[in-house]
Amino acid sequence: MRTLTTERLILPPWDPRFEEDFCRLGADPRVSRYLGDGRPWKPERTVARHGEILAHWREHGFGWRGILLREPGDEALIGVAALSRLSKPLPGVDEPAIEIGWWVDPRHWGKGIATEAAAVIRDEAFTDHGAARLVARYQPANHASGNIMRKIGMRHHDDTTGPYGEAVRLYVLERSDWVTATHS
Ligand SMILES: CC(C)(COP(=O)(O)OP(=O)(O)OC[C@H]1O[C@@H](n2cnc3c(N)ncnc32)[C@H](O)[C@@H]1OP(=O)(O)O)[C@@H](O)C(=O)NCCC(=O)NCCS
């Protein structure tokens with residue numbers, strides 16, 4: 001369970017101490033706007049997800065990471081950088097696939113933080129966890145998230161519907177395309 005670092009960020013494995021900051025992020029309507037039904041997450045929901053994230057690490061040895069700024073004494077969670085095994089296979093996507101995702105505290109939007117974190121966990125998924133492909137899903141109005149997918153090399157794969165009937169765009173990055181991009 002190693003901590004990843006980038007030029008500006010520290011990405012530790014999920015930690016019990018993140019619960020309170022995670023609840024604050026989930027309750028922010030700017031964060032929840034394009035997640036599922038778009039409603040802010042009540043604390044019970046965020047606490048339940050927090051437990052699932054810790055369980056995912058125990059089962060698979062990887063998972064969601066906190067995003068912290070690389071500044072001495074600053075321990076606040078300013079976002080999440082997420083890798084997850086799919087709970088069920090996606091139609092038209094062969095296993096083994098790993099889903100990638102991100103949230104950033106709105107106080108830090110627009111500084112490239114999500115893109116910086118996404119690039120390093122993309123490489124982690126292929127290098128350390130044997131992913132054959134990465135998948136990501138976003139609601140079409142969430143332009144920032146779609147931009148990140150394209151910037152880390154993902155391609156549009158399908159348009160589907162999520163559990164609340166919401167439109168969802170599915171992006172995929174095949175290992176072979178990642179290898180070509182990183183070795184050229
Ligand atoms: C999506 C999210 C993580 C982006 O975080 P961020 O750190 O601001 O992203 P970055 O600064 O790396 O920017 C990524 C791209 O989105 C664009 N972008 C950033 N904020 C934007 C906004 N409010 N509206 C439109 N585009 C935006 C940036 O311009 C950038 O694209 P570009 O470099 O091609 O111009 C953040 O908006 C967020 O946490 N949203 C709520 C949670 C969420 O929706 N997660 C994704 C679920 S699929």
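Student: Why is P91 called exposed?

Tutor: Its relative accessibility is 69%. Exposed means over 50%, buried under 20%, and partly exposed in between, with a 1.4 Å probe and protein chains only. So P91 counts as exposed. This is a predicted model: local features need pLDDT of at least 70, side-chain atom pairs count only at pLDDT 80 or more, and totals for chains, interfaces and linings use all residues. Residues are numbered from 1 along each chain as its sequence is written, and side-chain values use heavy atoms, leaving out hydrogens and water.

Student: Where is P91 found?

Tutor: In the loop between β4 (79–85) and β5 (97–104). Strands are DSSP runs of E, at least two residues; helices are runs of H or I, at least four; both are numbered from the N terminus. P96 lies in the loop between β4 and β5 too. A cis peptide bond joins E95 and P96, with omega about 0 degrees.

Student: Why are α1 and α3 called oblique?

Tutor: Helix α1 (residues 19–26) and helix α3 (residues 43–60) pack at an angle of about 130 degrees. Under 35 degrees is roughly parallel, over 145 roughly antiparallel, 65 to 115 roughly perpendicular, and the rest oblique. Therefore α1 and α3 are oblique to each other.

Student: Which residues of α1 meet α3?

Tutor: E19, F22 and C23 in α1. Their partners in α3 include P43, V47 and I53. Contact means heavy atoms within 4.5 Å.

Terms used
Axes fitted to C-alpha atoms, helices over the stretch in contact; angles between N-to-C directions.
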